[in-house]
Amino acid sequence: QVRLVESGGGLVQAGGSLRLSCTASGNILGINDMGWYRQAPGKQRESVATITNLGSTKYTDFVKGRFTISRDNAKKKVDLQMNSLKPEDTAVYYCYTRGISVGSIRYNDYWGQGTQVTVSS
């Protein structure tokens, strides 16, 4: 199994910054993509940013230029630096990875428990 533990959420005023971190643990054979998704009340979960194990990044339009995703493969860690936060960024943010664990024959999707980000106006 692959376990994801997130940290770094909280309450911030509009225009402020937060940094989310997520570390993968468990009997991991390999990790492919890592990323962040978010879900606001009454809305579907949506992709925010993803990064491959080679460092290629992809951002959704509404965070381009404000958020930066990075990862440390040796530490199995992915971070999301969020700047110029807006009230509409308020959501539960979930860490995601596609990984393979010991004893498994294929890659699976894994999710963290979520961390709340609240941006006040």
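**Entry 1: Ser84**

I looked up Ser84 and found a relative accessibility of 41%, so I put this residue down as partly exposed. I note here that the model is a predicted one. Ser84 belongs to the loop that runs between β8 and β9. I also read its backbone: Ser84 is not a glycine, yet its phi is positive, about 50 degrees.

**Entry 2: Lys76**

I then checked Lys76, another residue that is not a glycine but has a positive phi, here about 55 degrees. Its place is the loop between β7 and β8, the latter covering residues 77-82.

**Entry 3: the open sheet**

I traced the sheet next. Which order do its strands take? I wrote down β1-β3-β8-β7, an open sheet of four strands with antiparallel pairing. Its edges are β1 (2-7) and β7 (67-72), each of which has a pairing on one side only. From one strand to the next, I noted an average twist of 15 degrees.

I looked at one pairing in detail. β1 and β3, the latter made of residues 18-26, run antiparallel and are joined by six bridges. I picked out Glu6, whose bridge partner in β3 is Cys22.

As a reminder to myself, side chains in a regular strand alternate between the two faces of the sheet.

**Entry 4: Ser21**

I stayed in strand β3 and turned to Ser21, which is found there. Its relative accessibility is 15%, so I count Ser21 as buried, the cut-off being under 20%. What does the side chain of Ser21 meet in a polar contact? It meets the side chain of Asp79, at 2.8 Å. I also listed what Ser21 touches once neighbours within four places in sequence are left aside: Val5, Glu6, Ser7, Trp36, Lys77, Val78 and Asp79.

**Entry 5: two hairpins**

Strand β4 (residues 28-39) pairs with strand β5 (residues 46-51) in the antiparallel sense, and I found five bridges between them. One of the bridge pairs is Arg38 with Glu46 of β5. How many residues lie between β4 and β5 in their hairpin? There are six, and in the turn Gly42 has a positive phi of about 80 degrees.

β5 also pairs with strand β6 (residues 57-59), again antiparallel, over three bridges. Here I noted Ala49, with Tyr59 in β6 as its bridge partner. The hairpin of β5 and β6 has five residues between its strands, and Gly55 in this hairpin has a positive phi near 95 degrees.

**Entry 6: the aromatic rings**

I searched for aromatic pairs and the count came to three. How are the rings of Tyr37 and Tyr96 set to each other? Their centres are 5.6 Å apart and their planes meet at 65 degrees, so I call the pair edge-to-face; the cut-off for that label is over 60. Tyr37 sits in strand β4 and Tyr96 in strand β9 (residues 91-101), so this pair links parts of the chain that lie 59 residues apart.

Tyr96 has a relative accessible area of 10%, so I count this residue as buried. Its ring also pairs with that of Trp111: the centres are 5.1 Å apart and the planes lie at 50 degrees, so the pair is tilted. Because Tyr96 is in strand β9 and Trp111 in strand β10 (residues 108-111), the pair ties together parts 15 residues apart in sequence. For Trp111 I found 37% relative accessibility, so this residue is partly exposed. Taken together, the ring pairs link Tyr37, Tyr96 and Trp111 into a cluster.

Trp111 is one of the residues in the ring cluster of my previous entry.

Notes: Residues numbered from 1 in each chain as written. Predicted model: local features only at pLDDT ≥ 70, side-chain atom pairs only at ≥ 80, totals over all residues. Heavy atoms only, no water. Pairing = 2+ DSSP bridges. Axes fitted to C-alpha atoms, helices over the stretch in contact; angles between N-to-C directions. Buried < 20%, exposed > 50% of the residue type's maximum accessible area, 1.4 Å probe, protein only. Polar contact = N/O pair within 3.5 Å; in protein donor to acceptor, adjacent residues only side chain to side chain. Contact = heavy atoms within 4.5 Å. Phe/Tyr/Trp six-rings, centres within 6.5 Å; stacked < 30°, edge-to-face > 60°.
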